Amino acid sequence: MSHYDDLETRTPDARAADLARTLPAQIARAQATPGQAEALAGVDPATITGAEALARLPVLRKSALVAAQAAMAPLGGYAATRLAEFEHVFQSPGPIYEPGRTAHDWWRLGRFLHAAGIGRGDIVQNCFSYHLVPAGMMFENAARAVGATVLPAGVGQTDLQVRAAHDIGTTAYAGTPDFLKVILDRAAEQGITLKITRAVVGGGALFPSLRAEYAERGITCTQCYATADLGNIAHEVPGPDGTPAEGMVVDEGVIVEIVRPGTGDPVPDGEVGEVVVTTLNPDYPLIRFATGDLSAVLPGASPCGRTNMRIKGWMGRADQTTKIKGMFVRPEQVADLVARHAEIARARVIARREGEMDAMTVMIETRAGNPDLYAASVMDTLKLRGKVELVPPGSLPNDGKVIEDQRSYD
């Protein structure tokens, strides 16, 4: 398969030379924004020409971005482009707001779809949400970049999803890892044959057993690592046999550092640490943005011919924030749940797997006896439905955890 562009096969020296030209300009753009002017004050952009120099700059955490947006709505002063010039603005849980544009491959996910073998002639059933959050538009923008046709399916309505996939003849799926199985199982129940042979997924962990099940059904499933703030960070690529190769290749539009959690200090290659990303997107120049995710550098080059750094993929969270059913659940949301009810002493969210689906249980310390009393509050604060389990006060572990991920990623 051909590569997306010549950037993917640059020599290390050529990539470093290009970065030495583009990174100083990006630092200067960030300095000119109200949100990063203070943090980058006194920095000479001309001296920031690579990752080693970049590591001297402060880390920007999402919590600071949220606070800045509360003070300077809606983007906190971090965008280099005026809000009126963006075609979209999105709201993600938090709430936190992100800008978006319709320019060619603005989130750079077209590179991911191309690597997955999706292009002109394909019909992509886009099952990412189009409601408030950016995921649906991110993948629509990517499909347009590679010349594919899009069915903007969104989430839910399984019977209609099956009918549309059959009637239109969709060849590729985009969405969270779990939901494709829901569609395939419903189609099988109804005796309907679908033409989906490729799946590009994100928004949650792709468990090996689920990937294997898709392969048995004739579907090659690959995943990316992307965020609403940064766009594509890294993605899987095909190996020599056509199945995804080990690890993920870092996108050409970002600089990825792996740092010791809670600091900005890079760790040695191979050591697990927090993913910190600098984006080269001129509209939204986030410098050393801490994702809260864990990963590690994977040594060696990809067998597909792409030459950029590889990482091992998503390896958990550096903090307790956890993605369940494609949505982040944060400690502050759990605190909000507790604050809403005077009789609740503590609460603990537990993420598990039931079959091939995420499941959430909310354990609540209270003397109350009816879990239905809290169902609406759980949905309102956590934005997800889950089982509510009441336990006596003092019975939850005294370990400081309010979110516990019991899923295995092996």
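Two strands count as paired if DSSP finds at least two bridges between them. Helices (H or I, at least four residues) and strands (E, at least two) are DSSP runs, numbered from the N terminus. In this predicted model, 9 strands line up as an open sheet with mixed pairing, in the order S5-S4-S6-S7-S8-S9-S10-S15-S14. Strand S5 (149–151) and strand S14 (297–298) are the edges, each pairing on one side only.

Let's zoom in on one pairing. Strand S7 (residues 198–201) runs parallel to strand S8 (residues 220–227), with 4 bridges between them.

## A helix across the strands

Helix H8 (residues 177–189) lies across strand S4 (123–126), strand S6 (172–175) and S7, at about 135° to S6. Here contact means heavy atoms within 4.5 Å. Axes are lines fitted to C-alpha atoms, for helices over the stretch in contact, and angles run from 0 to 180 degrees between N-to-C directions.

Rings of Phe, Tyr and Trp (its six-membered ring) pair if their centres lie within 6.5 Å; planes under 30 degrees apart are stacked, over 60 edge-to-face, and the rest tilted. The whole structure has 4 aromatic pairs. One of them is edge-to-face: Phe 86 and Trp 106, 6.4 Å centre to centre with 80° between the planes. Phe 86 is in the loop between helix H4 (62–71) and strand S2 (88–92), and Trp 106 in the loop between strand S3 (96–100) and helix H5 (110–115), so this pair ties together parts 20 residues apart in sequence.

Both Phe 86 and Trp 106 are buried (under 20% relative accessible area; exposed is over 50%, partly exposed in between; 1.4 Å probe, protein chains only). Phe 86, Phe 90, Trp 106 and Trp 107 make up one aromatic cluster.

## About the numbers

Residues are numbered from 1 along each chain as its sequence is written, and side-chain values use heavy atoms, leaving out hydrogens and water. Local features need pLDDT of at least 70 and side-chain atom pairs count only at pLDDT 80 or more, while totals for chains, interfaces and linings use all residues.
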